[in-house]
Amino acid sequence: MTIAGVVDSTPLIDNHAHAVEPQSVETIREAFSTFFTEGELSPHHARHTLNYRAALSLLNSHFGTDDEAELLRRRSEVDLESYSKELIGQTGTEVILADDGFPDLSPTEFQAYTDADVRPILRIEPVIEELIDGHDTFEDVVDEFETTVTEALAGDHVALKSIVAYRTGLNVGAPERSDAREAFDTLGDAWDGRLESKPLVDFFLHRACTLAGAADAPVQLHTGFGDADAHPHFVDPTYLYDLLRTHRETPVVLLHASYPYVRQAGYVTSTFEEAYLDVSLALPFAQNGVEPLLRQVFEVTPTSKVMYGSDAFCIPELYVLAADRIRADLTTVLEDLVAEGFLDEQYAETVARNVLRQNAHSLYGL
Amino acid sequence: MTIAGVVDSTPLIDNHAHAVEPQSVETIREAFSTFFTEGELSPHHARHTLNYRAALSLLNSHFGTDDEAELLRRRSEVDLESYSKELIGQTGTEVILADDGFPDLSPTEFQAYTDADVRPILRIEPVIEELIDGHDTFEDVVDEFETTVTEALAGDHVALKSIVAYRTGLNVGAPERSDAREAFDTLGDAWDGRLESKPLVDFFLHRACTLAGAADAPVQLHTGFGDADAHPHFVDPTYLYDLLRTHRETPVVLLHASYPYVRQAGYVTSTFEEAYLDVSLALPFAQNGVEPLLRQVFEVTPTSKVMYGSDAFCIPELYVLAADRIRADLTTVLEDLVAEGFLDEQYAETVARNVLRQNAHSLYGL
Amino acid sequence: MTIAGVVDSTPLIDNHAHAVEPQSVETIREAFSTFFTEGELSPHHARHTLNYRAALSLLNSHFGTDDEAELLRRRSEVDLESYSKELIGQTGTEVILADDGFPDLSPTEFQAYTDADVRPILRIEPVIEELIDGHDTFEDVVDEFETTVTEALAGDHVALKSIVAYRTGLNVGAPERSDAREAFDTLGDAWDGRLESKPLVDFFLHRACTLAGAADAPVQLHTGFGDADAHPHFVDPTYLYDLLRTHRETPVVLLHASYPYVRQAGYVTSTFEEAYLDVSLALPFAQNGVEPLLRQVFEVTPTSKVMYGSDAFCIPELYVLAADRIRADLTTVLEDLVAEGFLDEQYAETVARNVLRQNAHSLYGL
């Protein structure tokens with residue numbers, strides 16, 4: 001078989017994504033472009049990202065017009081369940097690992113919108129927040145957290161996820177249990193439901209890593225770009241050094257290729273045995289940057305650690321953009337690496353299968 | 001029209017540059033190469049930058065010899081006014097926004113050296129330094145600063161500029177007025193005319209951002225590489241996070257594509273609505289790096305935020321190298337993006353017009 | 001001559017490498033792949049690096065089979081002296097500057113394994129550790145350190161090397177002599193032979209820089225990726241700012257192109273007159289990343305500062321992979337830069353000679 005043949009025929013495991021979710025007609029008509037950028041951009045600027053241009057091109061091929069307003073009008077009128085099934089169906093995705101922390105639609109409910117097999121990932125921060133809401137003592141929260149995580153991993157959940165990057169940064173400390181307890185005890189009336197206390201965030205992440213390690217389940221960490229509430233300096237994966245040294249037995253997945261810290265992510269994943277690399281979000285958001293990004297990823301990261309993901313959320317188009325991007329660019333990069341003498345054809349095909357499917361299949365025990 | 005046609009025929013707005021200034025014959029003959037590098041390089045090494053090789057090529061085409069010493073001899077004998085008018089004239093630049101803080105020749109005086117329309121930018125640090133020299137109380141300095149800035153923006157000045165990156169770094173704090181007052185009060189006899197007190201630098205930058213926001217004028221911030229007095233770690237634009245969150249209504253322009261933190265600049269400008277990106281200095285200094293830099297810029301930065309600039313200073317050749325570079329590389333990059341399916345031809349032409357002229361025209365209200 | 005002709009015929013000066021050293025049969029058969037990655041990777045993942053795939057290809061061309069197990073079996077049976085001489089011989093390397101700090105085999109003993117001229121580099125941390133082991137007072141350690149370093153540089157050693165990046169990071173402080181003395185006095189029974197006290201590490205590095213400056217000898221600094229005991233954030237060369245400002249007269253060589261902080265290394269070496277750039281380790285480890293890395297290096301670093309190195313260690317194959325990589329990729333990059341108009345052919349040939357040989361020849365006074 002050819003590289004292109006392998007890439008095109010391998011079913012995808014999407015190791016990090018989110019549910020689609022019904023949007024209002026107004027949202028689609030007036031703010032559709034904002035789904036194609038992160039941060040706080042208005043439609044005025046979001047319309048001028050290459051990612052939105054790719055979305056227009058996709059809508060054009062679906063609805064058969066190149067008038068932007070007309071495209072958005074038709075898009076706002078679709079039946080989301082069938083439209084989503086159709087779009088995700090055309091990506092050749094076999095399994096979707098869905099973060100249950102965003103959006104409101106649960107992974108279980110998401111199953112109605114896709115024929116792919118949806119498997120949930122437990123986001124830990126909402127769990128902690130809910131437990132703090134409902135319990136009076138730190139020890140109760142810890143006990144319940146441990147129970148919840150352990151049961152989730154023993155049940156349907158295939159991994160944990162943390163958004164520590166959004167809360168207090170990847171420079172995770174090593175708080176003592178007493179530090180965390182003290183932080184809990186001082187939350188008091190200021191507690192507004194959002195976990196932002198560094199001793200607490202870091203303490204529970206350490207607990208999560210320990211529990212995941214014991215269950216042989218991976219912990220996914222948001223790294224790199226994203227919403228505006230993350231400090232763009234402290235999403236650099238090199239800050240994870242102490243955490244990774246502490247939890248050498250726990251598989252940790254750096255999400256989003258840590259874009260723009262891509263080469264740093266390569267450094268980290270080539271240094272620590274249990275650090276893995278997901279390429280979602282960067283792909284498709286970086287668009288023309290995906291091909292050089294994949295080349296950078298392969299510089300030092302073992303190909304046995306790189307995994308496809310879309311980070312698609314809310315709208316099914318993102319699934320298509322991500323899948324189209326990986327199939328096009330992985331083919332190009334692998335063909336080029338063979339032509340340049342870095343890989344032989346047979347091994348390149350192995351890399352294709354591993355990145356698109358096998359690495360995730362093994363890591364998450366699917 | 002073709003992309004190349006649009007790029008070649010669009011008049012440039014150079015959104016960040018400096019005046020040319022007469023140089024001694026010795027400077028031209030012995031240290032001309034040092035204008036083509038930043039930092040503290042001697043001619044010994046400066047001669048071995050690709051940027052200087054490009055300058056030699058330009059001089060060669062102008063003076064018709066490829067002997068380096070002879071080129072420098074002829075260059076040292078030019079009439080600067082006419083030579084400058086000729087060189088800047090060949091760049092097709094319509095408007096130059098000139099930083100009035102360097103060199104000594106003012107933007108008004110600079111007008112004698114170019115037929116382009118020169119519009120001044122107010123650099124705030126020299127303003128503050130002069131006010132500290134001339135006033136006894138902090139409150140007087142603040143009052144005068146506010147008056148000066150407000151009047152400048154109501155008058156000819158189209159923007160403010162800060163070199164906080166060179167003084168105390170982009171990790172701008174949030175000093176209270178009392179902190180700044182205390183820092184002012186302790187300057188005492190140690191005051192040597194150079195503003196380096198972090199509470200003062202940061203306080204006045206916040207004031208400047210507030211005033212600029214009120215006047216709907218942009219604040220340009222030096223980011224990325226430059227002179228040796230900037231700490232190369234703290235010129236990373238991700239450190240601007242807190243400042244940008246505080247002044248969400250003020251347009252902020254990251255100068256120099258934050259080179260080498262180019263992808264980080266993309267991250268920041270794709271996150272904050274009012275963060276814009278200038279590509280001067282990196283272009284032309286990075287020479288063979290400009291084309292991949294433009295590709296990286298377009299990964300996530302909206303094309304509606306990217307603006308041409310030269311950062312040319314002291315010698316007119318830098319204007320030519322920058323303009324030649326943007327016209328050549330923007331054409332290549334846009335043609336490639338169309339060929340690769342990321343943009344359609346029509347939109348690519350829009351991008352060309354926007355980057356070379358329209359984005360700056362709108363942002364600075366020209 | 002052509003660029004390719006110059007590149008192929010120029011003898012290499014390898015400005016940073018390590019001795020080869022006999023390995024057990026088991027090591028070769030079971031863990032050979034781990035020599036081709038840094039950090040803590042097991043053979044399971046190390047086998048999936050592009051660098052190991054290149055090694056397999058090299059072994060294949062040498063032993064004439066493509067069966068991995070058979071290749072490793074044959075490799076485990078070689079006579080290391082003759083095999084090493086043959087392999088290093090085919091690289092066209094004239095001089096190897098060998099770090100005497102790793103592995104155990106000394107540069108002098110290494111001479112038996114190569115016909116290239118081996119010249120030693122003094123790694124300072126083992127010197128300090130041995131002196132602390134053998135002396136009771138701080139002043140004695142300092143005196144002996146100064147004597148040892150001075151005599152080494154007056155003798156065979158061509159440079160110093162520091163692994164401060166592995167111990168306390170490149171954010172080198174400016175400890176007073178009294179701070180260092182106090183740190184020495186508090187080592188006490190906790191001293192385990194490994195120097196990790198920041199005041200001591202930093203103090204002796206400053207002493208080393210001063211002594212090297214006086215002897216006009218370079219100091220090599222590990223920067224960028226490497227073993228798992230380096231914090232991946234604090235190997236960024238921008239952290240060297242204060243050290244470089246303090247020792248402006250001492251030539252400092254940033255090793256490994258500071259990968260992944262390559263453009264940051266370019267920034268630093270284009271800012272400080274006496275900062276130089278070695279490309280070892282990144283080359284060959286980054287494999288398909290070497291060509292873009294060289295292009296990034298040439299963006300702003302003067303070509304008069306860039307030097308070939310392999311960082312080969314323990315096994316001779318790494319010498320071959322590095323030499324093959326630089327000859328292939330430097331040719332491609334220089335040919336492309338000529339074709340793209342950045343360099344003329346004659347100057348490109350000068351660059352080739354300088355990078356492969358002349359820059360190191362001058363800097364180390366060979």
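Start at the boundary between chain C and chain B: 14 residue pairs, both at pLDDT 80 or more, are in polar contact across this interface (N or O atoms within 3.5 Å; within protein, one must be able to donate a hydrogen and the other to accept it, and residues adjacent in sequence count only if both atoms are side-chain atoms). The model is predicted: local features need pLDDT of at least 70, side-chain atom pairs count only at pLDDT 80 or more, and totals for chains, interfaces and linings use all residues. Residues are numbered from 1 along each chain as its sequence is written, chains are lettered from A in the order in which they are written, and side-chain values use heavy atoms, without hydrogens and water.

Next, select B:Glu40 and C:Arg248. Their side chains form a salt bridge at 2.7 Å, N to O (side-chain nitrogen of Lys or Arg within 4 Å of a carboxyl oxygen of Asp or Glu). The rule finds 1 salt bridge across this interface.

Now select the chain C side.

Finally, show chains A and B. Chain B can be laid on chain A by a turn of 120 degrees and a shift of 0.0 Å along the axis, with an RMSD of 0.0 Å (least squares on C-alpha atoms of residues with pLDDT of at least 70 in both). The two copies are thus related as by a three-fold rotation axis.
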